[in-house]
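Hi,

Here is the structure I promised to pass on. Have a look at it first, and my notes follow below.

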Amino acid sequence: MKIIRVKDQIEGGKVGAQVFADTLANGAQVFGLATGSSPISIYDTITASDMDFSDKISVNLDEYKGIAGTHEQSYRYFMNEHFFSKKPFKESFVPDGLNPDGEAEAARYDAILEKNPRDLQILGLGRNGHIGFNEPGTSFESTTHEVDLTESTIEANARFFTNKEEVPKQAYSMGIKSIMEAKQILVVAYGANKADAVKAMIDGPVSEDVPASVLQKHANVIVILDEAAASKL
Ligand code: F6R
């Protein structure tokens, strides 16, 4: 893993955007994208640049099940807001949260991933080491699947919805195997509350108890960290 320490998220945004630019210059066609706070400064830097994705494909990591892409809390909505409305791709895939059939949606998305091998996959890191919606204990062999959100995740998300009943209880997520198939992976983590997960990802044993530790087995990973996130290395 190549570790890049940055001063703050603004610098991280520039470094991460440069990874996208270099990958583009090398002929990349397919970009795996993530939501969450960590990639935002990268997306802001990219959308303010002259990079052109109009003949490229994007595939997102995950989506809540049971809400439409027009819902403000959906990941499709997030991507439209932060990226696609400003810098469109030729085609942008996000799991379909309105497909009630989990097995069918997983198979549909896996076929999309197979047809569109990712040149670069960006990842944020959960405090417990999750990547995508792959929580501790998820098989390293997992492909796209339906996930039951934990009670703590549902409670943490409740603030974004009018009431707890509205919070999605499930999600669709690329699996760990799907994530590892990307040619290059860019992980971004900021803040002291990520320091333990960063340490376990980089120096801990490779174990399904820490999903991100699988990245030690990938040949081409760049990690962008601020000082607080890197403080336990
Ligand atoms: C987002 C995703 C999640 C986040 C992770 C970190 O699509 O799959 O795994 O990357 O929860 O979130 P932030 O960046 O908000 O700290």
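Let's begin with the overall shape. For 233 residues, a compact globule would have a radius of gyration near 17 Å, and the protein chain comes out at 17 Å, so the two agree. Keep in mind that this is a predicted model. If you draw a box along the principal axes, the C-alpha atoms fill roughly 40 × 40 × 35 Å.

On to the fold. The protein chain is built from 7 helices and 10 strands. Take the contacts between residues at least 6 apart in sequence: 81% of them join residues at least 24 apart. As for burial, 44% of the 233 residues count as buried.

Around the ligand sit 14 residues, and the closest are Thr35, Gly36, Ser37, Ser38 and Gly124. By type, the shell around the ligand splits into 8 polar, 5 nonpolar and 1 charged.

One residue I looked at on its own is arginine 159. You'll find arginine 159 in the loop that runs between helix 5 (151-157) and strand 8 (170-173). Is arginine 159 buried or exposed? It counts as exposed, because arginine 159 has 8 C-beta neighbours inside 10 Å, and 12 or fewer is the cut-off for exposed. I also checked arginine 159 against lysine 14: the two are 145 residues apart in sequence, and their C-alpha atoms are 31 Å apart in space.

That's what I have for now. Over to you!

Cheers

Conventions. Residues numbered from 1 in each chain as written. Predicted model: local features only at pLDDT ≥ 70, side-chain atom pairs only at ≥ 80, totals over all residues. Helix = DSSP H or I, 4+ residues; strand = E, 2+ residues; numbered from the N terminus. Rg over C-alpha atoms; globule rule 2.2 N^0.38 Å. Buried ≥ 20, exposed ≤ 12 C-beta atoms within 10 Å, placed from the backbone. Contact = placed C-beta atoms within 7 Å. Near = placed C-beta within 6 Å. Nonpolar A, V, L, I, M, F, W, Y, C, P; charged D, E, K, R; others polar.
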